[in-house]
Amino acid sequence: MDLNILILAFNPHAALAIWLALLLAAGTAVLAAAWLSLRAWRRTQELYRIVFEDAADAVVIAGRDLRVLQVNARALELAGYSRQELVGRDLRDLLLAEDLAANPLRLEEIAAGKTVLNERRIRRKDGRVIS
């Protein structure tokens with residue numbers, strides 16, 4: 001499957017959460033399920049929930065078109081949006097235009113399979129900026 005996704009984590013040290021989210025978003029976990037017993041698969045799902053959904057760090061996963069695919073509870077809390085309001089929305093709607101101009105998303109590197117870590121400010125639904 002040729003799928004490039006962008007994961008925006010507000011704490012660049014959230015490597016494990018990002019890795020698990022990337023596996024699930026890319027469908028790799030579905031392939032892995034064929035190799036795991038049902039018990040192991042359930043444990044994998046539980047780990048995903050713990051690491052991604054219950055993470056203290058905000059994680060937003062966007063597709064190649066920069067539309068939000070998945071978002072965890074912490075990201076929803078920080079951004080002030082509901083899951084329904086964020087999923088499908090353009091990721092750039094959350095980022096500050098001046099930040100994007102000064103530090104573009106580096107999509108070419110992501111498309112080439114490189115890991116790109118950046119801290120970004122976001123604009124909440126109520127207009128406040130979160131650093």
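These are my notebook entries on a predicted model of one chain.

**Entry 1: Fold layout**

I began with the secondary structure. I found 7 helices and 5 strands in the chain. I then wrote down their order from the N terminus: β-α-α-α-β-β-α-α-α-α-β-β.

**Entry 2: Confidence**

I looked up the pLDDT next. The chain averages 76. I noted that 69% of the residues score at least 70. By element, helix H5 (residues 83-86) has the highest confidence, at a mean of 96. Helix H2 (residues 28-33) has the lowest, at a mean of 48.

One is residues 1-5, which has 15 contacts in the model beyond near neighbours in sequence. The other is residues 28-35, with 6 such contacts. I read both stretches with their scores in mind.

**Entry 3: Burial, surface and contacts**

I checked burial across the chain. Of its 131 residues, 38% count as buried. The accessible surface comes to about 7,900 Å². Carbon and sulfur atoms hold 56% of that surface.

Residues 24 or more positions apart account for 47% of them.

**Entry 4: Salt bridges**

How many salt bridges does a search of the whole structure find? I noted 10. I went through several of them.

Arg92 and Asp90 pair through their side chains, at 2.7 Å from N to O. Is Asp90 buried or exposed? Asp90 is buried, because its relative accessible area of 11% falls under the 20% cut-off.

Arg106 and Glu109 form another salt bridge, at 3.1 Å from N to O. I looked up the accessibility of both partners. Arg106 is partly exposed, with a relative accessible area of 29%. Glu109 is partly exposed too, with 27%.

Asp126 and Arg128 also meet in a salt bridge, at 3.0 Å from N to O. For Asp126 I noted a relative accessible area of 47%.

**Entry 5: A network**

Which residues are linked with Arg121 in a network of salt bridges? I wrote down Glu98 and Asp99.

Conventions:
Residues numbered from 1 in each chain as written. Predicted model: local features only at pLDDT ≥ 70, side-chain atom pairs only at ≥ 80, totals over all residues. Heavy atoms only, no water. Helix = DSSP H or I, 4+ residues; strand = E, 2+ residues; numbered from the N terminus. Buried < 20%, exposed > 50% of the residue type's maximum accessible area, 1.4 Å probe, protein only. Contact = heavy atoms within 4.5 Å. Areas by Shrake-Rupley, 256 points an atom, 1.4 Å probe, with all protein chains shown as cover. pLDDT = per-residue confidence, 0-100. Salt bridge = Lys/Arg side-chain N within 4 Å of Asp/Glu carboxyl O.
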